[in-house]
Amino acid sequence: MSDGLRTLIALATTAAHRFYSDNNQNNATSLDNHLAKLVQLTNTLDSSARLSIHDRQLCELLRHCSLLLNGISTSAIIRSRLHLFLFNLGEDLQICGSIFESLKLSLREQLGPENLIDVLRLLQVLTYERNVVLGIWTNDLISFLLREVTCDDEPEWLPYCIAILCNLATRSKSACLRMRKSSSYKAFTHKLLKLLAHNSRTVVISSLVLIGFLEEKLRNTVFCSRNIPQTFRCIFNVLILGDHLMTRHIAVDLLKRLIIGDSAD
């Protein structure tokens with residue numbers, strides 16, 4: 001760990017302790033500033049050189065992270081900073097449930113699309129991980145995502161919503177069942193067909209995956225022999241032109257499923 005990073009962790013730890021003891025505006029601003037710098041610095045760490053959670057100062061900061069995330073007085077902005085920092089550590093911290101609470105807080109306090117997208121982007125990455133534990137928060141998250149996808153006015157965070165649903169469907173049969181039992185499921189499947197013509201590659205590839213997992217009749221129609229060449233072209237376009245790494249990951253997973261499925265047949 002560099003001296004600069006160690007110093008910044010120490011400053012953030014002190015700021016977190018002060019805020020936890022007295023959550024006045026000055027302490028909140030100080031903590032927010034230090035966390036913002038810490039998030040920026042840890043975001044540039046090489047993935048093969050993650051921080052050791054056995055460092056004393058870091059352990060102390062992690063303890064305060066837990067206290068602040070469980071505290072009712074912690075603002076949504078500070079929660080988002082804490083989650084981004086924890087995510088940058090690259091450890092198996094199972095923070096999806098806590099991040100979903102930040103999502104609800106962001107909506108309740110109307111913090112705007114930028115904050116909401118930050119939270120959804122985190123959930124997109126974390127729900128892609130195979131070791132993610134789906135807790136009771138998953139049902140509420142699915143309800144929110146389905147509502148956003150099927151609403152008449154398309155939100156700018158639609159790609160993240162559809163990608164998270166894609167991740168959940170891929171990882172869990174119970175998540176698929178929860179989607180099928182939703183009152184908006186019929187509207188959702190109709191929307192999926194329309195989203196295949198969307199201008200976002202993330203939306204298109206995620207919709208293809210969801211169709212494959214959720215709806216047999218729709219799957220047989222979309223993935224019929226006549227459409228398979230077009231499906232492969234779509235996947236390769238995403239792999240070549242995709243703007244986001246997560247979108248490419250989804251495309252690779254779909255490609256593997258199609259190849260394995262064809263081989264099995």
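Is Glu101 buried, exposed or partly exposed, and at what relative accessibility?

Reply: Glu101 counts as partly exposed, because its relative accessibility is 40%, and that class lies between buried, under 20% relative accessible area, and exposed, over 50%, as found with a 1.4 Å probe on protein chains only. The model is a predicted one, in which local features need pLDDT of at least 70 and side-chain atom pairs count only at pLDDT 80 or more, while totals for chains, interfaces and linings use all residues. Residues are numbered from 1 along each chain as its sequence is written, and side-chain values rest on heavy atoms, with hydrogens and water left out.

Glu101 forms a salt bridge with Lys104, the closest N and O atoms being 3.2 Å apart, where the term requires a side-chain nitrogen of Lys or Arg within 4 Å of a carboxyl oxygen of Asp or Glu. The two residues are separated by about one helical turn, because they stand 3 residues apart in helix α5, residues 96–108; helices here are DSSP runs of H or I with at least four residues, numbered from the N terminus. Lys104 counts as partly exposed because its relative accessibility is 32%.

By this rule the count comes to 3 salt bridges. Arg121 counts as partly exposed because its relative accessibility is 36%, and Asp118 counts as partly exposed because its value is 28%.

Another salt bridge links Asp32 with Arg81, and its closest N and O atoms are 2.8 Å apart. Asp32 lies in helix α2 (residues 25–42) and Arg81 in helix α4 (residues 76–89), so this pair ties together parts that are 49 residues apart in sequence. Asp32 counts as buried because its relative accessibility is 18%, whereas Arg81 is partly exposed because its relative accessible area is 26%.

A cavity is a set of points, on a 1 Å grid over the protein atoms alone, where a 1.4 Å probe fits but cannot get out, and a lining residue has an atom within 4 Å of a point. The count comes to 1 cavity of 30 Å³ or more, and the largest cavity has a volume of about 30 Å³, that is, the space filled by probe spheres set on grid points that are joined across faces, edges and corners.

Elsewhere in the chain, Ile205 belongs to helix α11, residues 201–214, and is buried, because its relative accessible area is 0%. Leaving aside residues up to four places away in sequence, Ile205 touches Cys234, Ile235, Val238, Thr247, Ile250, Ala251 and Leu254, a contact being heavy atoms within 4.5 Å. The C-alpha atom of Ile205 is separated by 40 Å from that of Ser73, which stands 132 residues apart from Ile205 along the chain. Phe236, in helix α13 (residues 228–241), counts as partly exposed because its relative accessibility is 40%.

Terms used
On a 1 Å grid over the protein atoms alone, a cavity is a set of points where a 1.4 Å probe fits but cannot get out, and a pocket is an open set with protein on both sides within 12 Å along at least five of seven lines; lining residues have an atom within 4 Å of a point.
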